[in-house]
Amino acid sequence: MQADQASGSKASGLDQVGEMPGRMVVEEQPAGSLPQPKKKPAKKGSFDPEKLSSYFTENFAQTFGLEDVDVELEQASLANAPMNTNNWGRVGDFVGLIIWPIGCSPVAFRKKDVPWRGGRHMLDGFKSYDEDSTKMSYARYVSTDEIKDLRHLQLNFALAMATLEMDKGLVMPRELLAPFVSALLPAGPMTGMSLVVLFAQSDVVRIERHKDEYSVGLDSRVWRAVPSFHALVIRAIWDLRQLSDELRGKSFEVRLECDTRGDRAKARARGFKPLYPYPGQVKKREWRRVVTEPPVIELPEVPSKPEGQACEDGADGGRLDAPAFVISLMAQDWLFFGEDGIEWTGTQHIARDVQVNVAKKDELVSFANRYAKGLKTEVGVVRRLKSFLKELETDKGLWVPEEQIAEGISESLPDGPLTGMVLASLASFGGAISMSISAEDEYEVTYDGRLAAGIPSFFNLVARMLWDLREMVDSSKGRPFKVSFREVNHAATDIYLLPVDAPVKGAQPCPGTMEVKEPPEIVLE
């Protein structure tokens with residue numbers, strides 16, 4: 001698949017994920033998508049992957065009063081209902097009903113509503129909502145007037161979710177997802193059904209149809225956090241169109257946009273919560289591309305731990321001590337920052353929302369107790385991290401005014417200047433900073449090259465931060481140490497950082513190895 005790159009755009013560095021296409025023409029069904037209409041009879045109670053009823057719990061059938069799930073879902077289907085045309089000439093369809101505006105419709109999910117059982121997700125129910133006349137009216141406006149009530153709408157979501165769950169081409173190992181996305185999803189890998197749970201987060205995806213063209217807006221951070229996210233969305237559109245007699249098997253066009261997100265105040269005013277740690281401004285970007293073959297879900301290799309590597313090893317296999325452990329809690333995705341992770345009060349930053357990576361939850365306390373005594377719970381580990389970050393924040397020598405930092409970095413940072421807490425939190429940016437020890441009092445720090453180019457005196461700042469961390473531990477307080485720097489650029493960091501076009505004023509060349517006998521002085525021009 002070849003296409004021209006959008007003028008003025010720059011590669012994101014997501015070589016493992018692939019470039020984001022813009023305009024797509026899908027001319028045939030993706031390989032391995034929906035099963036063929038012919039179904040083999042199955043024994044009562046046995047799993048038939050081609051039967052809708054195989055993807056619902058008994059509780060779901062009882063709650064909705066369904067005696068024959070397959071028959072009654074097909075009877076309730078709105079896929080062939082006459083669709084409305086809005087004031088701008090955009091025609092509603094079943095795809096738009098399911099994917100947009102799910103964030104403002106009376107349909108939502110809890111993790112327990114989509115359990116992982118027998119190698120598949122099943123729908124157990126929906127988050128309870130009262131029937132809101134305004135939301136129901138809007139749902140009818142963007143699709144069809146034939147929506148009878150909330151139950152009717154929910155049954156159509158159930159039909160769509162079972163349909164997408166049948167498509168094994170939508171399955172993605174959970175290990176490939178960024179922690180803040182993984183935390184939103186039910187147990188198990190990401191599948192068609194859990195993809196709808198992700199769509200349920202406001203403004204992750206928005207879709208509008210004009211004739212045979214779909215305008216698809218993707219949240220820029222989620223797009224980077226989920227490999228081939230654009231292809232997953234296109235594939236989901238195809239699958240849902242197969243339920244319509246009019247649209248089944250027909251080609252369609254897609255125009256993809258990478259959406260802008262406002263700052264926190266605007267986000268709250270618009271009624272949604274950003275999914276990524278720091279909702280900084282990201283310039284709106286659009287890709288246009290013609291695809292002459294079905295979208296393929298290209299996945300990077302699932303990350304694995306080298307044989308014999310101990311749990312306490314650093315990100316690159318190096319050993320840890322207490323200061324390096326603090327950075328590794330973030331760099332190795334044990335903990336990450338939520339929506340209001342770090343808040344600027346006007347005089348200092350405060351660590352508010354620190355979350356545990358559910359994929360590593362069971363091992364967290366055991367890992368932490370190798371370096372800190374008395375940590376019996378996950379809450380205790382989070383509190384210990386916050387205490388180190390709070391102490392770093394007190395060192396005014398680590399403060400750098402926001403205007404002196406490159407835009408590609410500052411846009412992803414919380415409000416206020418760069419401080420000790422914010423500098424350390426860069427470790428949570430896909431390991432943009434990581435730390436291990438090669439020998440006693442000797443550290444190796446890996447860093448993303450954009451940080452060195454976009455933050456003045458970056459290496460002195462990191463060395464001073466390390467000095468401060470060592471001052472918090474009696475055994476290393478006041479002792480000199482060495483620190484070596486090595487540039488390592490991870491694709492995961494592109495979720496958070498944008499390109500840095502040129503070094504900022506005061507950017508420091510890599511010193512190789514530094515011997516630190518006192519806190520390095522930070523000179524800002």
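A surface patch, as the term is used here, is made of residues with over 30% relative accessible area and no salt bridge, with like charges joined within 9 Å and nonpolar side chains (Val, Leu, Ile, Met, Phe, Trp, Tyr) within 5 Å. The model is predicted, so local features need pLDDT of at least 70 and side-chain atom pairs count only at pLDDT 80 or more, while totals for chains, interfaces and linings use all residues. Residues are numbered from 1 along each chain as its sequence is written, and side-chain values use heavy atoms, without hydrogens or water.

I begin with the surface. Trp88, Tyr138 and Tyr141 form a nonpolar patch there, with about 360 Å² of accessible area together (Shrake-Rupley method, 1.4 Å probe, only the protein chains shown counting as cover; a salt bridge is a side-chain nitrogen of Lys or Arg within 4 Å of a carboxyl oxygen of Asp or Glu). Tyr138 belongs to helix α4, residues 133-142 (helices are DSSP runs of H or I, at least four residues, and strands runs of E, at least two, numbered from the N terminus). Tyr138 is partly exposed, at a relative accessible area of 36% (buried is under 20%, exposed over 50%, partly exposed in between, with a 1.4 Å probe and protein chains only).

Next, helix α9, residues 229-241. 13 of the 13 residues of α9 are buried, so the helix is largely enclosed by the rest of the structure.

Finally, the sheet. Four strands form an open sheet in the order β12-β13-β14-β15, with mixed pairing (two strands pair if DSSP finds at least two bridges between them). β12 (433-439) and β15 (513-516) stand at the edges, each with a single partner strand, so one side of each lacks a neighbour in the sheet. Six bridges join β13 (residues 442-447) to β14 (residues 481-487), and these strands run parallel. Glu444 has Ser484 as its bridge partner in β14.
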